[in-house]
Amino acid sequence: MSAIAVARGGRTAGGKDGSWEAERRRAFLIGLSPSLLVLLAITLVPAVALLVASLTPLSLTDPANTFRFDDPLGNYRHLLEDKRFLASIAVQLKLSVVSVALQLGVGLGLALLLNGKSKVLGATRTVFLIPMVLPPIVVALIWKIIYTPDVSPMHRLLEAVGLPVRSLIANPDTALWALTVADTWQWFPFTMLMVLASLQMIPDDPLEAASLDGANRWQLFRFIVFPYIRPVLVVCGLFRLIDSFKAFPLIYVLTNGGPGSVTEVTNYYGFIQAFNFSYWGYASAIAMVILAGVFMLSWLVGKLGWNDHAER
């Protein structure tokens, strides 16, 4: 009888535990529901509205034909034939690839130089983080002053040493690279900070063993340090590549897409179509293309992060 009672008691206890777990999950769901609804409202609803608008010839100049769906892929077909749009993609790729490469190189180099525990290095690291925490519009204004010959300390210094140069953002040959330098200055601290955190997690034992075996600094970096920080560099590069699509404030303040269209990236071209010409449907299609590209890069970040976690 006691065994039967124990068995019944166990089932009863198990039933109570199961009921308690179900109630706990229900309570969590009820508590999270308001946040989930707000999140859906501010993310999913605008995305659906953007998709719907991209399937129509939405234009403020022709309100009578605003929501026609007789040719839903018309905007996307026109994108494939739009030479200015295709050129903006090429400009975006140049800006993104070069700026991200520079950010990784500068961030890695400074992280290696500042990797230490002294107070001086700590203060120096803090100073280098300033560009990253500034609002983008402030960064754009700083570089607007630097690139304007009449007020620029850089141009005054070059003139003083006998090397006067034209405005870098007004020259079609240098405007895009001037933007690249400004974007690199703002965001290299992100790579530096991530690599520094990774460097400080490297165990001392393999470094000491390799030093005792006669390895020099380059060999230590190549065969021990770099394999440890390589996953961090890959993730930093992909995150910065995604974020490079948002270089709008720099372009708007510094070059306004010019001279001509040499600095007209894809999101700025969409801005022109929407706010200069009121082609909201066409601009929405451009935004959807950008969104698809960002989703693909985000998926790549997640996949690489998962693979790295699995290897570890």
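**Close-up views of a predicted model**

**View 1. Serine 284 in helix H13.** Serine 284 sits in helix H13, and this is a predicted model. With a relative accessible area of 8%, serine 284 is buried. What does serine 284 touch, once its neighbours within four places in sequence are set aside? The contacts are Leu50, Ala53 and Ser54.

**View 2. Serine 278, with a positive phi.** Serine 278 is not a glycine, yet its phi is positive, at about 65°. Look for serine 278 in the loop between H12 and helix H13, the latter covering 280–311. Is serine 278 buried or exposed? Its relative accessibility is 16%, so serine 278 counts as buried, the cut-off for buried being under 20%.

**View 3. The loop between H11 and H12.** Two backbone features turn up here. Asparagine 256 is found in this loop between H11 and H12, and it has a positive phi of about 55° despite not being a glycine. Asparagine 256 has a relative accessible area of 49%, which makes it partly exposed. Proline 259 also belongs to the loop between H11 and H12. The peptide bond leading from glycine 258 into proline 259 is cis, and its omega is near -5°. For context, most peptide bonds are trans.

**View 4. Helix H9 against helix H10.** A pair of packed helices can be described by the angle between their axes and the distance between the axes. For H9 (residues 204–212) and H10 (residues 217–243), the angle is about 170° and the axes are 10 Å apart. H9 is therefore roughly antiparallel to H10, since angles over 145 degrees count that way. On the H9 side, the contact uses Pro206, Leu207, Ala210 and Ser211. H10 answers with Leu220, Ile224, Val225 and Tyr228. Sorted by type, the residues of this contact come out as seven nonpolar, one polar and no charged.

**View 5. Proline 206 up close.** Proline 206 has its place in helix H9. Its relative accessible area is 28%, so proline 206 is partly exposed. Ignoring neighbours within four places in sequence, proline 206 is in contact with Ile224 and Tyr228. For a sense of distance, take leucine 134, which is 72 residues away from proline 206 along the chain. The C-alpha atoms of these two residues are separated by 39 Å.

**View 6. The largest nonpolar core, and another one.** In soluble globular proteins, nonpolar side chains tend to be buried together. The largest nonpolar core in this model has 19 residues. Which residues have the most contacts inside it? They are Leu95, Leu250 and Leu254. The elements that give two or more residues to this core are helices H3 (83–113), H6 (136–147), H8 (175–199), H11 (248–254) and H12 (266–275). Zooming in on leucine 250, and leaving out neighbours within four places in sequence, we find contacts with Val139, Ala140, Leu179, Ala182, Asp183 and Thr255. Another core, of 14 residues, lies apart from the largest one. Its members include Leu108, Ala111, Leu196 and Leu233.

View 7. How many salt bridges does a search of the whole structure find? The tally is eight. One joins the side chains of arginine 68 and aspartate 70, at 2.9 Å from N to O. Arginine 68 has 34% relative accessibility, so it counts as partly exposed. Aspartate 70, at 60% relative accessibility, counts as exposed. Another salt bridge pairs aspartate 71 with arginine 77, where the closest N and O atoms are 2.8 Å apart. Aspartate 71 is partly exposed, with a relative accessible area of 37%. Arginine 77 counts as partly exposed too, at 44% relative accessibility.

View 8. The side chains of aspartate 243 and arginine 240 meet in a salt bridge, with 2.7 Å from N to O. Both residues lie in helix H10, three residues apart, or about one turn of the helix. Are aspartate 243 and arginine 240 buried or exposed? Both are buried. To finish, there's a network of salt bridges linking Glu21, Arg24 and Arg25.

How values were computed: Residues numbered from 1 in each chain as written. Predicted model: local features only at pLDDT ≥ 70, side-chain atom pairs only at ≥ 80, totals over all residues. Heavy atoms only, no water. Axes fitted to C-alpha atoms, helices over the stretch in contact; angles between N-to-C directions. Helix = DSSP H or I, 4+ residues; strand = E, 2+ residues; numbered from the N terminus. Parallel < 35°, antiparallel > 145°, perpendicular 65-115°, else oblique. Contact = heavy atoms within 4.5 Å. Nonpolar A, V, L, I, M, F, W, Y, C, P; charged D, E, K, R; others polar. Core = buried A, V, L, I, M, F, W, Y, C linked by side-chain atoms within 4.5 Å. Buried < 20%, exposed > 50% of the residue type's maximum accessible area, 1.4 Å probe, protein only. Salt bridge = Lys/Arg side-chain N within 4 Å of Asp/Glu carboxyl O.
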